[in-house]
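Please read it alongside the sequence and the coordinates.

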Amino acid sequence: MTENNSYEVVVVGGGAAGLSAALVLGRSRRRTLVVDAGEPRNAPSAHMQGYLSRDGMSPAEFLAIGREEIARYGVELVRDRVVDATREGDFTAVLASGRTVRARQLVIATGLKDELPPVPGLAERFGRDVVHCPYCHGWEVRDLPTGVLATSPLSVHQALMVTQWSKDVRLFLHEVGESELTDQDLRRLATAGVAVVPGEVAELVITDDRLTGVRIAGGGPSGEGTVHDLEVLYAAPRAVPNNDLLIRLGAELRETPFGSYPVIDERGLTTVPGLWAAGNASGFAEQVINAASRGYRAGAAINGELLMADLDAGTP
């Protein structure tokens, strides 16, 4: 393999976690490659919130600035996808373009995909007036008539949290039966003033490119279903971790209600030596600022690992 295809670190994923790790590694004078498929999870959102000094910035602008920053330190970035990886001492990664690269350490920052409930109109509005996280979007949609689409009993918790941003909240049970709600759920919902609406949501009602309501299947005077007026709908997607490479490389996974994620230490090291995970590849709840922090921590730890390995091998 040529020198041009050999790196100290390859980072798979060019989101907040991957770019943050690459920035630290570049500043540590490590020969680093970022392989970015160009599919950020937050692409549907016009803005990102809650990132100190970057509140309100568009995700696209954030990533563009990050790519410029890592380039200053000699980090290479290619728009490609890693389709296979093996480990025999070092790691070998095969890219969709046919290129093969080798690395002493490998960072998986491939994130996850959001699978939305199959309700007509939902996907088209996602990131606009259909949202998933009150910490990400609650301030922007505060005090508006709000619905929460239940996909599991955990949606009760989401509805209760949303009341911090709006007092006009309805929980549409959708796929959840009324019998699945506990007495404690019902007491809390009543205390918070959340109206519980049984029945399946058949579709979203859109007027002049705005969400104006949801239609419940059946039950209307003409059998067309009752429409409930609202302007915002929270819908929790099903998280699908992009963990194929971790599985291929033999990393131990842990099962959670939100998918399978690698077992990692506090720095992000998996159970496979030299294999690291950061961002949403390491856990469901990593917001952009947390993902960047995870990437930074992994990058610093990797530099230390490489330095000590070289010293122990007698390579100054």
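H174 is found in the loop between strand 10 (169-172) and helix 6 (183-192), where helices (H or I, at least four residues) and strands (E, at least two) are DSSP runs numbered from the N terminus. This is a predicted model, in which local features need pLDDT of at least 70 and side-chain atom pairs count only at pLDDT 80 or more, while totals for chains, interfaces and linings use all residues. Residues are numbered from 1 along each chain as its sequence is written, and side-chain values use heavy atoms, with hydrogens and water left out.

The phi angle of H174 is near 55°, a positive value in a residue other than glycine. H174 counts as buried because its relative accessible area is 10%, the classes being buried under 20%, exposed over 50% and partly exposed in between (1.4 Å probe, protein chains only). D208 also has a phi near 55°, positive in a residue other than glycine, and is placed in the loop between strand 12 (201-207) and strand 13 (210-216). D208, however, is exposed, because its relative accessibility is 70%.

| Residue | Relative accessible area | Class |
|---|---|---|
| H174 | 10% | buried |
| D208 | 70% | exposed |
| D143 | 62% | exposed |
| N5 | 18% | buried |
| C133 | 8% | buried |
| C136 | 15% | buried |

D143 belongs to the loop between helix 4 (134-137) and strand 9 (146-149). Its C-alpha lies 9.4 Å from that of Q164, and the two residues are 21 apart in sequence. When residues up to four places away in sequence are not counted, D143 touches W165 and S166, a contact being heavy atoms within 4.5 Å.

N5 sits in the segment before strand 1 (6-12). The side chain of N5 makes a polar contact with the side chain of R99 at 2.7 Å; such a contact is a pair of N or O atoms within 3.5 Å, where within protein one must be able to donate a hydrogen and the other to accept it, and residues adjacent in sequence count only if both atoms are side-chain atoms. Apart from neighbours within four places in sequence, N5 is in contact with R31, R99, T100, V101 and R102.

Strand 4 (residues 82-88) and strand 5 (residues 90-95) run antiparallel and are joined by six bridges, strands being paired if DSSP finds at least two bridges between them. Within this pairing, V82 stands opposite L95 in strand 5. The hairpin of strand 4 and strand 5 has one residue between the strands, and G89 takes a positive phi near 80° there.

The structure holds zero disulfides, a disulfide being a pair of cysteine sulfur atoms within 2.5 Å. C133 is in no disulfide, and the nearest cysteine sulfur, that of C136, is 3.1 Å away. Seen from C136, the closest cysteine sulfur is in C133, and the 3.1 Å between them is too far for a bond.

For the protein chain as a whole, there are eight helices and 19 strands. The C-alpha atoms fill a box of roughly 80 × 35 × 35 Å, taken along the principal axes. Buried residues make up 46% of the 316 residues in the chain. Of the contacts with a separation of 6 or more, 59% are accounted for by residues 24 or more positions apart.
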